[in-house]
Amino acid sequence: MNIVRRNLLRSAGAGGALAAMLAAGILKPTAVLAAEWNKNAFEAKDTAGAVKALGASSAAENKDLSMTAPEIAENGAVVPIEVISKLPGTTSISILVDKNPFPLSASFDFAEGGIPEVAVRLKLSQTSLVKAVAKTADGKFYTVQKEVKVTVGGCGG
Amino acid sequence: MADPMKIRAQMKGDICDIKILMSHPMETGQRKDSDGKVVPAHFIQSLSVDLNGKTVISGQTGTSISRNPVFGFKVKGAKAGDKVTVNWLDNKGDKRTDEATVG
């Protein structure tokens with residue numbers, strides 16, 4: 001086993017995979033990917049829990065936050081969703097699938113130059129509301145949602 | 001490194017339209033294989049999009065992103081010839097970095 005791998009495995013028990021990789025010198029500390037994966041949010045079993053773990057307090061609907069989603073998705077394994085925020089100072093967009101076992105699907109942060117518009121493809125386990133939550137630089141949250149009907153569920157269970 | 005991504009970065013007026021196709025099973029950890037054994041979760045957890053070495057978009061993802069993820073992003077301040085770099089990291093520590101030139 002090579003030395004890097006051995007170091008990684010040795011330290012993996014101590015502080016989690018990310019800490020281990022930093023210790024083994026694989027992951028540069030300045031790398032953006034070093035941000036710790038938001039386990040609490042991604043493993044929350046309901047939307048309310050996920051939204052709370054994202055730090056999103058009450059979110060208002062606003063016409064400047066929009067979502068494009070199909071009314072009916074024939075294949076729940078690949079559902080195209082687009083979220084566009086025209087809200088000034090949008091810093092992040094998170095996307096949740098209400099009825100999925102773990103509703104939070106993705107969360108994006110926009111630095112200078114990043115435009116707050118994302119297109120993703122999601123798995124939907126069943127007919128569900130798909131929700132987006134956007135955060136603006138002033139600390140406010142906004143939301144938009146669309147119902148997507150699913151004929152064949154996409155989580156493979 | 002894992003299988004390569006396909007990245008397309010095209011100027012549309014002032015905006016650089018970026019389309020990324022990643023190669024990844026995105027296993028949820030809920031599927032059973034033909035022997036009835038649960039296939040362990042194996043999915044991309046984080047990604048970043050850099051323009052000329054500076055991160056403009058970063059993201060965290062979960063198991064409900066489709067297999068072989070496709071993402072669309074938009075960036076401003078880019079011009080033809082600039083370099084777009086995309087990185088991803090999965091829950092097993094696998095990662096991938098690929099580049100494209102803005103056209």
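**View 1. The contact between chain A and chain B.** The contact draws 35 residues from chain A and 32 residues from chain B, where two residues are in contact if their C-beta atoms, placed from the backbone, lie within 7 Å. On the side of chain A that touches chain B, the elements giving two or more residues are α1 (3–24), β6 (104–110) and β7 of chain A; here helices (H or I, at least four residues) and strands (E, at least two) are DSSP runs, numbered from the N terminus. It is β7(A) that gives the most to this side, with 8 residues. Sorted by class, the side of chain A that touches chain B has 23 nonpolar, 8 polar and 4 charged residues, where Ala, Val, Leu, Ile, Met, Phe, Trp, Tyr, Cys and Pro count as nonpolar, Asp, Glu, Lys and Arg as charged, and the others, Gly among them, as polar. This is a predicted model, in which local features need pLDDT of at least 70 and side-chain atom pairs count only at pLDDT 80 or more, while totals for chains, interfaces and linings use all residues. Residues are numbered from 1 along each chain as its sequence is written, and chains are lettered from A and ligands numbered from 1 in the order in which they are written.

**View 2. Strands that pair across the two chains.** Strand β6(A) is joined by 5 bridges to strand β4 (residues 54–61) of chain B, and the two run antiparallel; two strands pair if DSSP finds at least two bridges between them. Within this pairing, Asp109(A) has Ser58(B) as its bridge partner in β4(B). An open sheet of 6 strands also includes strands of both chains, in the order β2(A)-β4(A)-β7(A)-β5(B)-β2(B)-β1(B), with antiparallel pairing. Its edge strands, each of which pairs on one side only, are β2 of chain A and β1 (6–12) of chain B. From one strand to the next, the twist averages 15 degrees, with axes taken as lines fitted to C-alpha atoms, for helices over the stretch in contact, and angles running from 0 to 180 degrees between N-to-C directions.

**View 3. Strand β4 of chain A and its two partners.** Strand β4 (residues 79–85) of chain A is largely enclosed by the rest of the structure, because 5 of its 7 residues are buried; a residue is buried if 20 or more other C-beta atoms lie within 10 Å of its own, exposed if 12 or fewer, and partly exposed in between. Strand β2 (residues 65–68) of chain A pairs with β4(A) in the antiparallel sense over 4 bridges, and in this pairing Ser66(A) stands opposite Ile84(A). Strand β7 (residues 114–122) of chain A also pairs with β4(A) in the antiparallel sense, over 6 bridges, with Val83(A) opposite Val118(A). In a regular strand the side chains alternate between the two faces of the sheet.

**View 4. The largest nonpolar core.** This core has 61 residues, and those with the most contacts inside it include Ile81(A), Ala132(A), Ile18(B) and Val75(B); a nonpolar core is a set of buried Ala, Val, Leu, Ile, Met, Phe, Trp, Tyr and Cys residues joined through C-beta atoms within 7 Å. Strand β9 (residues 141–150) of chain A gives the most to this core, with 5 residues. Leaving out residues up to four places away in sequence, Ala132(A) touches Leu65(A), Met67(A), Val83(A), Ile93(A), Ser94(A), Ile95(A), Thr143(A) and Val144(A).

**View 5. Pro103(A) in its loop.** Pro103(A) is found in the loop between β5 (90–97) and β6 of chain A, and this residue is buried, with 26 other C-beta atoms within 10 Å. The C-alpha atoms of Pro103(A) and Lys45(A) are separated by 6.5 Å, although the two residues are 58 residues apart along the chain. Apart from neighbours within four places in sequence, the contacts of Pro103(A) include Ala44(A), Asp46(A), Thr47(A) and Leu96(A).

**View 6. Paired strands within chain B.** Strand β3 (residues 44–51) and strand β6 (residues 83–90) of chain B pair in the antiparallel sense over 7 bridges, and Ser46(B) has Leu89(B) as its bridge partner in β6(B). Strand β6(B) is also joined by 7 bridges to strand β7 (residues 95–101) of chain B, and these run antiparallel. The hairpin of β6(B) and β7(B) has 4 residues between the strands, and in it Gly93(B) takes a positive phi near 90 degrees.
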